[in-house]
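Here are a few notes to read alongside the model. Have a look at the fold first, then take the points in order.

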Amino acid sequence: MQGSRAVLARWAHLQQHNVVLLPWPYYVYFKLYRNFVRIMRPDDANVAGNVHGGTILKMIEEAGAIISTRHCNSQNGERCVAALARVERTDFLSPMCIGEVAHVSAEITYTSKHSVEVQVNVMSENILTGTKKLTNKATLWYVPLSLKNVDKVLEVPPVVYSRQEQEEEGRKRYEAQKLERMETKWRNGDIVQPVPNPEPNTVSYSQSSLIHLVGPSDCTLHGFVHGGVTMKLMDEVAGIVAARHCKTNIVTASVDAINFHDKIRKGCVITISGRMTFTSNKSMEIEVLVDADPVVDNSQKRYRAASAFFTYVSLSQEGKSLPVPQLVPETEDEKKRFEEGKGRYLQMKAKRQGQAEPQP
């Protein structure tokens, strides 16, 4: 009874602050249209009650798509829709559980001639106690595509910065992500192949693939897949790889930059493949590749649509981190990917340690 009263009290509190509450499968938008609220349901989580990282990534992308599309149509001219081009590294700072409320806020932080940078923050709230905590911070890049021709990229209305430094810092971030996108754009021919009777703890033992036919519910009104749908499928495959490897409860710890190399259209068959690339004592790095096959268009061949690295950790029933079985790379390619993953791990570890050190 006390729990029910607390929920009703929280409901009344939100209504007093001009939040219109819809039935729980739907999103709730504030007046500024930069925030939305959603309660986490059982089908959003794994068997241990932890919300899937893919569910959170999908909410993040939807918030970014709304604010960037709205901005790109803020001036008179050709109408457009903002398409996701890239997601910078995203850390999952704290787990979210069933019954908690996700507060997602989005803000445009930089615009170039043809792209929009959006910063998205996710807070989780215990509606019984009112306690809130930051769970995610993400940076996303969008490009405006014409409604008349989705292959045409339009110009972005400029934003007004409160300080000159903001524009200069944004330009540096833009140039850095542009360079990295060019370096990682294509990995054609790098396909995850099944291996018969693999040994435990090898790459082949845990590698997994998911084949999905893109339907209308996956797409925008203009016929290409929502970036959030792709990210959710990528996280699902990465989670399967991690669970197969360590056979425990696993959660997403971080996602390295997700690059969207090309649009995926309605009617395509997409193959999402995941393989373990590196393990530290308590984390696993999984590479996820998305290939699209336009089966209804014989003029276009299979192509690489997206790629990313996901990091997972293993948890006990009490939510404590567990040691991870060490990966056994067998082929020369697997050993090379292992060393590359180790380099990314050490680089990020050094960055976190540098941020944790007190400033003089």
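Helices (H or I, at least four residues) and strands (E, at least two) are DSSP runs, numbered from the N terminus. This is a predicted model, in which local features need pLDDT of at least 70 and side-chain atom pairs count only at pLDDT 80 or more, while totals for chains, interfaces and linings use all residues. Residues are numbered from 1 along each chain as its sequence is written, and side-chain values use heavy atoms, with hydrogens and water left out.

1. Start with the second largest pocket. (On a 1 Å grid over the protein atoms alone, a pocket is an open set of points where a 1.4 Å probe fits, with protein on both sides within 12 Å along at least five of seven lines; lining residues have an atom within 4 Å of a point.) Its lining counts 42 residues, and A83, L84, A85, V143 and F260 lie nearest the centre. Helix 2 (53-72), strand 3 (80-87), strand 7 (132-146), helix 3 (164-183) and helix 5 (227-246) each supply at least two lining residues, with helix 2 giving the largest share, six.

2. Where does the second largest pocket lie? Domain 1 (23-172) and domain 2 (199-353) both give residues to its lining, so it lies between them. Those bounds come from an automatic or database domain assignment.

3. C219 is in no disulfide either, as the nearest cysteine sulfur, that of C268, is 8.7 Å away. On accessibility, buried means under 20% relative accessible area, exposed over 50%, and partly exposed in between (1.4 Å probe, protein chains only). C72 is buried at 7%, and C219 is buried at 8%.

4. T279 sits in strand 11 (residues 269-279) and is buried, with a relative accessible area of 2%. Its side chain makes a polar contact of 3.4 Å with that of Q326. (A polar contact is a pair of N or O atoms within 3.5 Å; within protein, one must be able to donate a hydrogen and the other to accept it, and residues adjacent in sequence count only if both atoms are side-chain atoms.) A polar atom of the T279 side chain also lies 2.9 Å from the backbone nitrogen of L327.

5. Finally, two backbone angles. Most residues other than glycine have a negative phi. N201, not a glycine, has a positive phi of about 70 degrees; N201 is partly exposed, at 28%. K247 has a positive phi too, near 55 degrees, and is exposed at 58%.

Note on methods. Disulfide = S-S within 2.5 Å.
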